[in-house]
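Please view the structure alongside the text.

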Amino acid sequence: MCGIVGYIGRRDVAPLLLEGLQRLEYRGYDSAGIVVTTPKAAGLKMVKAKGRVRDLEAKVPARFKGTTGIAHTRWATHGAPSDVNAHPHMSADNKVAIVHNGIIDNAGDLRKKLEADGVEFLSETDTEVLTHLIARSQAETLEEKVRQALRVIEGTYGIAVMHADFPDRIVAARNGSPVVLGIGEKEMFVASDIAALVTHTRQIVTLDDGEMATLKADDFRTYTTEGTRTTAEPTTVEWEAASYDMGGHDTYMHKEIHEQADAVDRVLRGRIDDRFSTVHLGGLNLDAREARQIRRVKILGCGTSYHAGMIGAQMIEELARIPADAEPASEFRYRNAVVDPDTLYVAVSQSGETYDVLAAVQELKRKGARVLGVVNVVGSAIAREADGGMYVHAGPEVCVVSTKCFTNTTVAFALLALHLGRTRDLSVRDGKRIIEGLRRLPGQISEILEREDEIKKLAEEYADARSMLFIGRVRGYPVAREASLKLKEVSYIHAEAYPASELKHGPLALIEPALPTVAIVPDDDLLEKNRAALEEIKARSGKILAVAHQEQEKADRTIVVPKNEDELDPILLGIPLQLLAYHTALALGRDIDKPRNLAKSVTVE
């Protein structure tokens with residue numbers, strides 16, 4: 001959610017900041033703003049606008065020069081989208097400006113105290129509280145002013161602060177919301193996401209929770225909110241600016257769907273061990289003896305990552321014969337779960353910054369659990385907090401709805417399941433069978449994508465549906481869940497996923513010609529059971545679209561998907577349904593890359 005970008009150096013700052021905001025648009029937002037200054041300026045200059053970055057750019061005057069600045073895209077929490085509620089927020093004397101991601105939990109109480117002291121608030125936001133706290137501080141340095149304000153704040157924040165009396169610096173701080181620094185040549189950057197920085201630098205420092213930074217044009221330093229210096233060594237990010245371009249596609253979602261064959265090849269590369277029919281996963285920091293001591297696996301994620309975890313849990317049970325299940329991290333962190341020392345916990349997040357997942361990881365670590373991270377972003381908070389884990393190597397995913405990262409995460413879980421299985425009782429023969437199946441995946445994904453025109457025509461048939469039902473059994477059920485979510489997210493058509501085995505226990509009451517059913521029908525040992533479900537729907541005049549390995553007689557339409565090993569089939573069965581969601585949304589004229597009300601990286605509760 002929300003996006004921060006800041007710069008201090010010698011270049012004209014406004015074009016840099018606007019470009020950075022455009023690269024952060026995928027995170028989801030409803031307003032934007034920018035503040036700039038120069039070392040010789042008398043104060044700060046600010047422009048804000050409800051709407052898109054292009055609306056802000058249209059309001060920026062020609063003479064809006066500066067060499068230091070901060071900018072923001074806001075996703076509304078406190079206060080409706082408006083020019084006034086947009087960030088940055090500035091103090092009454094025009095000396096302090098701040099951009100903020102996160103939520104200040106005690107903003108209401110602090111606001112009342114400040115109003116009692118005569119402070120007049122212009123916005124409805126929680127962030128403005130922090131602006132006034134910094135402005136009213138009597139501390140001599142900007143760093144201490146910010147530190148004093150943060151001491152009374154409860155909640156999450158990623159902030160960047162400018163002060164007219166200290167035009168040579170930007171102060172940043174993090175607690176629960178990502179902040180990254182970009183190290184340039186006599187220039188420094190700050191952002192909430194490396195996407196805003198990779199055009200200008202690939203040297204990155206990621207702040208930890210409870211850490212602050214001071215950026216000057218030729219230097220930076222990091223320290224805790226208590227003032228103790230910390231050691232921050234820049235790392236080189238592997239993603240390049242070209243990774244964020246559309247590459248000839250009309251949308252990022254379309255591009256990312258079509259990148260999946262290459263992305264899967266990346267997650268497999270260098271990890272397969274043919275000699276022992278297993279995989280190398282050194283990043284797990286888990287030796288064979290420790291792996292054999294695992295008695296249960298609990299996978300935690302949110303949204304699409306949760307669905308990938310459901311597929312992963314099934315693979316782990318089938319291949320490693322370890323009891324495994326997946327649970328929404330947003331629920332787990334609040335239910336005071338029993339933390340078992342023999343359980344391996346796996347935290348899943350595309351961004352590596354999802355707040356609910358990160359909070360669950362921190363609670364598990366506090367209770368002494370072993371936690372692995374499965375994330376896409378190198379150096380992200382979950383990657384740093386976990387005891388070990390895997391990067392899924394999907395590359396940057398810009399569209400708000402996840403496609404290639406979901407697929408790569410399921411493949412990563414297949415690797416984990418194979419690894420755990422081969423340290424236990426999975427035979428060499430079965431290990432070799434799974435490896436051969438994994439190697440077939442990229443080619444089979446390409447084969448599915450070649451049928452896009454056929455799926456597009458199907459999508460146009462279903463675009464006028466007001467609601468759709470998705471069903472699957474065992475391996476097919478998580479696929480149905482994810483496909484249902486994709487359709488909801490990007491087309492705004494109501495969709496519900498249900499286990500096919502549960503049809504008789506309620507959902508059959510909904511079946512009628514106006515409610516299409518999408519059925520996941522893999523060619524496995526439950527094929528006849530799934531066909532029986534199609535019979536039940538057809539007997540009630542239901543319209544059926546099957547996703548299967550062979551034509552289904554009872555279905556009105558069938559999307560035929562290449563067959564792989566039974567355990568790996570869910571990875572492929574979901575891909576045509578990504579295209580179905582995409583083309584349904586396209587037919588309806590939706591904003592595909594930036595669906596309403598949604599954000600890419602959910603860093604608040």
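**Overall form and local backbone features**

Of the 605 residues in the protein, 61% are buried, where buried means under 20% relative accessible area, exposed over 50% and partly exposed in between (1.4 Å probe, protein chains only). This is a predicted model, in which local features need pLDDT of at least 70, side-chain atom pairs count only at pLDDT 80 or more, and totals for chains, interfaces and linings use all residues. Residues are numbered from 1 along each chain as its sequence is written, and side-chain values use heavy atoms, with hydrogens and water left out.

The protein contains 19 helices and 27 strands; these are DSSP runs numbered from the N terminus, helices being H or I of at least four residues and strands E of at least two. Its C-alpha trace spans about 75 × 55 × 45 Å along the principal axes. Among contacts with a separation of 6 or more, 70% are between residues 24 or more positions apart, a contact being heavy atoms within 4.5 Å.

Most residues other than glycine have a negative phi, and most peptide bonds are trans. His-87 and Pro-88, however, are joined by a cis peptide bond with omega about 0 degrees; Pro-88 is placed in the loop between β4 (68-74) and β5 (89-90).

Asn-336 has a positive phi, near 50 degrees, and belongs to the loop between α10 (329-332) and β20 (343-349). Its relative accessible area is 63%, so Asn-336 is exposed. Ser-541, in the loop between α17 (527-538) and β26 (543-548), also has a positive phi, near 65 degrees. Ser-541 counts as partly exposed because its relative accessibility is 47%.
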